[in-house]
Amino acid sequence: LFLQVNSFQYLQLDDVMRILFICLTLIFGLSSLWFASQTWGIGYDPDSIIYEDVAENWLAGYGIARFDFESGDRYPMTNFPPLYPLILAVLSQIVGTVANAARLLNTALWGGLWLMVYAWSYRGLRVDKIAWCFATLLMFNLMILQVFGTSWSEPLFMMLGFSGLWFILDYYQTWRWRYLIVASVLFACAILTRYAGVAFVMTTGIILLTASSRSWRERIQSLAVLGMISGLPLSIWLLRNVSVRGDVANRDVGFTLLGLPQLESTIQTFGNWLIPIPEPIATIASLMLIGILLFWTIFQARKHQLSTTIESQILRWWIVIYTVFIVASFSFIDPRIPFNYRILLPAYVGIIMLIGRYVASQQSQIIQALRDSPSTATIYTNNNFLFHYLTDSPAHTLPPANDTNFEDWLEQLPDDDVIQIVYFDLLSQRGWESTEQIESLLPLTVINPSDVVTVYQLERPNE
């Protein structure tokens, strides 16, 4: 009972420290973004001006309309979805101006997306350090801060869409309709923020369609609910556009072939995300790092069967489908789409979530394997400090590899003890260099192998 009470106290303390660290990170990030947008103002580009113009026209009683800067007339907006400017209009009644509304909304959304990235890496794995590192790596990036410091719809779009995918995870694991309904409403709002929200619905549709644990009837029912709820607001909006202006979204259908400018801007964008220096060498180095991380993740995912997890499937499908949607939009509808950090950001967020989740999964498996060691076993390790850090348990230290007579060492061990050896590959100590080395020096049976730590049981002739 005493041990159980102590374990509960340690767990509570860990949770308190984790929450405290999250709060401090959010306070620092939110304060920095708020201070920057207050000092230099919220950022603008032509799209930002349209959003705020529509918000002011709606407040003035002209409906969802744009101002024609040449004629001075107003006309119904059809080329952008309406949700972001409408939210700005409502918030402006509380904070005074549309610009302040954009600052407040995007600053709050920065904190929300930080928590979302953290939660995707933490969910089911409970490795808070890895989750914190990847969320912070993503959200404290200068290009990310630029997006959230500008009056753009992308922050709202990502928060709505990834929140919807979060509820789809709950639906997939419990098959309770309320989760699917909430997710569908969030997707509908994401579509009314940016038409690319359709990619969230397509991602979910594939996941639900391939849910082999459910009958085909249940899958079709889920797809019907998803399509009806998420698609109804868009249908109403498009019908409104046709009735007031005679076009669906003020887009000309045609075909434009992707070219070198799009490839060049994509490469430069991905390169600048990690190393924001506009130099070819920095771009190449950053791309190589992202590529290595991705290929390593895919290789290890196949090796450890990570592809079976629903979280990873959703993220991979999202990255692919969103990328295809952007390419198709450029090729057939709007060849003016720039392949810059603003457009590619939702895919980049998915990439960081995917890599972060894999790293957390590996860490979680290692820690769980160590904690699941039989309590009657005597543990020896080549790094007892790291072992204690991961498990909160003590362990004996293996003798040095280079100057030890292991036959004598084995004879000195108690005959009636079950002995396990935890060997750390990456942070080994005392002259240990590889698993091949320890397996050649000692009679061992592998219990739990991995790329970072291997758990052995020591076999002795007299056993």
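I began with two helices: α8 passes α10 in a right-handed crossing. Right-handed means that the near helix is turned clockwise from the far one by less than a right angle, and left-handed means anticlockwise. I noted that the model is predicted, that local features need pLDDT of at least 70 and side-chain atom pairs 80 or more, while totals for chains, interfaces and linings use all residues. Numbering starts from 1 along each chain as its sequence is written, and side-chain values use heavy atoms, without hydrogens and water.

**Entry 1: α8 and α10**

I looked up the ranges next. Helix α8 covers residues 177-191 and helix α10 covers residues 216-245; their axes come within 8 Å and cross at roughly 30°. The axes are lines fitted to C-alpha atoms over the stretch in contact, and angles run from 0 to 180 degrees between N-to-C directions. I therefore wrote down α8 and α10 as roughly parallel. The cut-offs are under 35 degrees for roughly parallel, over 145 for roughly antiparallel, 65 to 115 for roughly perpendicular, and oblique for the rest.

Which residues make the contact? From α8 I listed W177, L180, I181, S184, V185, F187, A188 and I191. From α10 I listed Q221, S222, V225, L226, I229, S230, P233 and L234. Contact means heavy atoms within 4.5 Å. I sorted the residues by class: twelve are nonpolar, four polar and none charged. Nonpolar covers Ala, Val, Leu, Ile, Met, Phe, Trp, Tyr, Cys and Pro; charged covers Asp, Glu, Lys and Arg; the others, Gly among them, are polar.

**Entry 2: α9 and α13**

I turned to helix α9 (residues 198-209) and helix α13 (residues 310-332). They pack at about 135°, with axes 9 Å apart. That angle makes α9 oblique to α13. This crossing, too, I recorded as right-handed. Among the α9 residues in the contact I found F200, M202 and I206; those they face in α13 include W317, W318 and F325.

**Entry 3: single residues**

N106 lies in helix α4 (residues 98-122). Leaving out residues up to four places away in sequence, I found that N106 touches L33, Y84, V147, F148, T150, S151, W152 and P155.

W175 was next. I found W175 in the loop between α7 (154-174) and α8. W175 is buried, at 15%. Its phi is near 55°, a positive value in a residue other than glycine.

F332 belongs to α13. I listed F332 as partly exposed, at 42%. Not counting residues up to four places away in sequence, F332 touches D252, V253, G254 and F255. F332 and R251 are 81 residues apart in sequence but 9.6 Å apart in space, C-alpha to C-alpha.

C23 sits in helix α1 (residues 2-40). At 36%, C23 is partly exposed. C23 and G111 are 88 residues apart in sequence and 10.0 Å apart, C-alpha to C-alpha.

**Entry 4: the whole chain**

I finished with totals. The protein chain has 17 helices and seven strands. These are DSSP runs, H or I of at least four residues for helices and E of at least two for strands, numbered from the N terminus. Of the 463 residues, 47% are buried.

Note on methods:
Buried < 20%, exposed > 50% of the residue type's maximum accessible area, 1.4 Å probe, protein only.
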